[in-house]
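Here is a short briefing on one chain and its partners. Keep the sequence and the 3D view open as you read.

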Amino acid sequence: MDFIIAKYNYWIYITLMMIGFYAMIAKNNLIKKIIGMNIFQTAIILFFVSISYKRGGATLPILTDADAHGGHVIDVAQYLNPLPHVLMLTAIVVSIATLGVALAIAIMMYRKYHTLEEDEILKAIK
Amino acid sequence: MIVEQAPVLIVVICLMSAVATPLVGWLKRELCYPWVILALLGSTLCSVVVLNTVMHEGVIHYRLGGWLPPWGIEYVIDHLNAMMLVLITGSALLVAIYSKRSLEAELPDRTIFFYTLYLLQVTGFLGIVITGDVFNLYVFLEIASLAGYALIATGEDGAPLAAFRYLILGTVGACFYLLGVGYLYMVTGSLNLAELAEILPRLYGSKVILVAFAFFMVGIALKMALFPLHLWLPDAYTKAPSVAGALIAPLMTKVAVYIMLRVMFTLFRPYFSIELLPVTKILLYAGIIAIFMGAIMALAQKNFKRMLCYIVIAEVGYMVGGVGVANTVAIRGAILHVMNDVVMTLGLFAVAGIIAYKMKNNELTAFDAIFKKMPFTMAAFLVVALSVIGVPPTCGFFSKWYLIQGSIMAGNWIFVGALLFSSLVNVILFFRIIETGYYDFGASGAGGAHSHDERSVVSEAPLSMLIPTFVVAAAILLIGLYNQSIITTIIDFAVPKL
Amino acid sequence: MKTLSLIVSIIVGAFLMYGTIDMPAWGDPNSPASTHVSPYYITHTEIDTATPNIVTSVLADYRGYDTLGETTVIFTAGMACILLLRRRGGRNEARG
């Protein structure tokens, strides 16, 4: 049971991911699919950001005044890992852009068929 | 100076032109078309310069911003990359020249933003192929995908739903790729392709690496339309406008095959992908099933574009199966087939676009008596069809020949059987069309005077659509005639050492 | 269809959890991610870029090309929305 206690955060993120993934592929309503996609991508972002945590009192990756202007060697274990934060800033933007395009396509379909259920739209096309 | 900066100019010219296209269109709408052609011409010249440099001097490392890897991002261009760059820019240029009449007929009031997204998609493809950093690849993959979803959604009836389904499945694929990058980062700490390739061999026994590799493969398979994850492709490419289909169909799946080659052979050594995990066996079976399924479904289609989509699915099966056989000759055939398939699919979709433009009809019946009406288009179509079937001296014959030779050497008779079956089915498919086109069946004369008037009105395709089709047909013949020298100068360096 | 999706989601989730067995513990300051590339960013940001905010210096300087890609993604989404949603009003068409 030891590894569950040590890594319970990853298990929570994976559960969130799978809730979003199920909604994306199984639901019939277009908006529910889009929300599922957003949950899925947000869980991946949380997963990445949790990689950057360091125990033992690490603080945000912004240099304090003493470290910024002093000439001494900076203690790396005092600051969080900045790289996952950087990558996830980009990933958040990408997820918003995908959300925007998905909603635009959903609006196109609503204007034409006046419904947001996938099976009704399929029937209307045929 | 141009030669030094050529790698970054390829992407930057395309990107900056894409940003400037709405301004150009606002000034005067008709300027968009020459602007797009100018931009793609610049990118094509730079990619030819880069190919030349790689062939003479070896691998290029271009450090963006001057930062050394792994702290900054770098471009790594070897023979495989350089070949893909020339293919992408060349196809985009040809489709751009071809696009004017087709776009005016199908989407007359949306040309400015269509061209903007067109250039953005080409930028995305170029960025994917040229980079040496795994996270950067994800960003450009999303640029290309988003532009693709939007271009497809502007098509005919039912296109938005097809684009929406493609969006959902494509986002699943890209997010699986991102998960793979995350798992790899967690146990190595690096994002640079070359450095990961050095750190990973120590960690091959780790479960995290195994899961990361599996998610890479599934994400790429979704983008590549490998069976059974191909369900988005027929609807999306059939309902898209002709120009969008001619741009996306040759390039998207082949860029995904490129990513698979990089992940399997550059990021993880061939030892991992072939011997440690039975990945190549799974790829081989998936390829075989894709070939059979693509061939059988293509026979059942009445719509010409839908038939072409199933042919594309079968072609992906050739490439993946070739990698699955996993010996040098078969992988050489698979990489040559990537080059051939870009050109062949471009030719097929270009002809489909011409038929849609002239006949306003996408069914196979549009081909009635077409050899008399459009002899030049059909001559080019004949060359492309012979290449898909695999008749020498067109290029399709040579890549099939290497694939068959490689699988005979590996003792893989099922794959040989699948390749021959697919060639037979292609013969049936294309000769059915040629027969419909050559003879004047009574069905089209049943309308009497009405159809006689229609027939005399339809004439040859406009020159701006015809010339790119001819260039593609000429390229098919040239690649076939010169395939030996192409293989010895470019492809043999791209095949991994097994 | 729904049961198939449920089974696929559970299998994918189980596979992901199987991968967590070999992961470094949460918050370990000696994990590979915290000791390989990022210490360089923390120690050299003041020297190379004179910016105390390390995330900014990585985003805008060391990995600025990724940020260019990110702004292009936003631009693509904006252009896509205009292409897909603009109504055929006629007001913009008159300008030619």
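Two residues are in contact if their C-beta atoms, placed from the backbone, lie within 7 Å. By that rule, 33 residues of chain C are in contact with 41 residues of chain B. The model is predicted: local features need pLDDT of at least 70, side-chain atom pairs count only at pLDDT 80 or more, and totals for chains, interfaces and linings use all residues. Residues are numbered from 1 along each chain as its sequence is written, while chains are lettered from A and ligands numbered from 1 in the order in which they are written.

**Chain C against chain B**
- On the side of chain C that touches chain B, α1 (2–19), α2 (32–35) and α5 (64–85) of chain C each supply at least two residues.
- The largest share, 15 residues, comes from α5(C).
- This side of chain C has 19 nonpolar, eight polar and six charged residues. (Ala, Val, Leu, Ile, Met, Phe, Trp, Tyr, Cys and Pro count as nonpolar, Asp, Glu, Lys and Arg as charged, and the others, Gly among them, as polar.)

**Chain A against chain C**
- Chain A gives 43 residues to the contact, and chain C gives 43 residues.
- α5(A) supplies the largest share of the side of chain A that touches chain C, 15 residues.
- That side of chain A holds 32 nonpolar, eight polar and three charged residues.

**Fold of chain C**
- Chain C has five helices and zero strands (DSSP runs numbered from the N terminus: helices are H or I, at least four residues; strands are E, at least two).
- The C-alpha atoms of chain C fill a box of roughly 65 × 55 × 15 Å along the principal axes.
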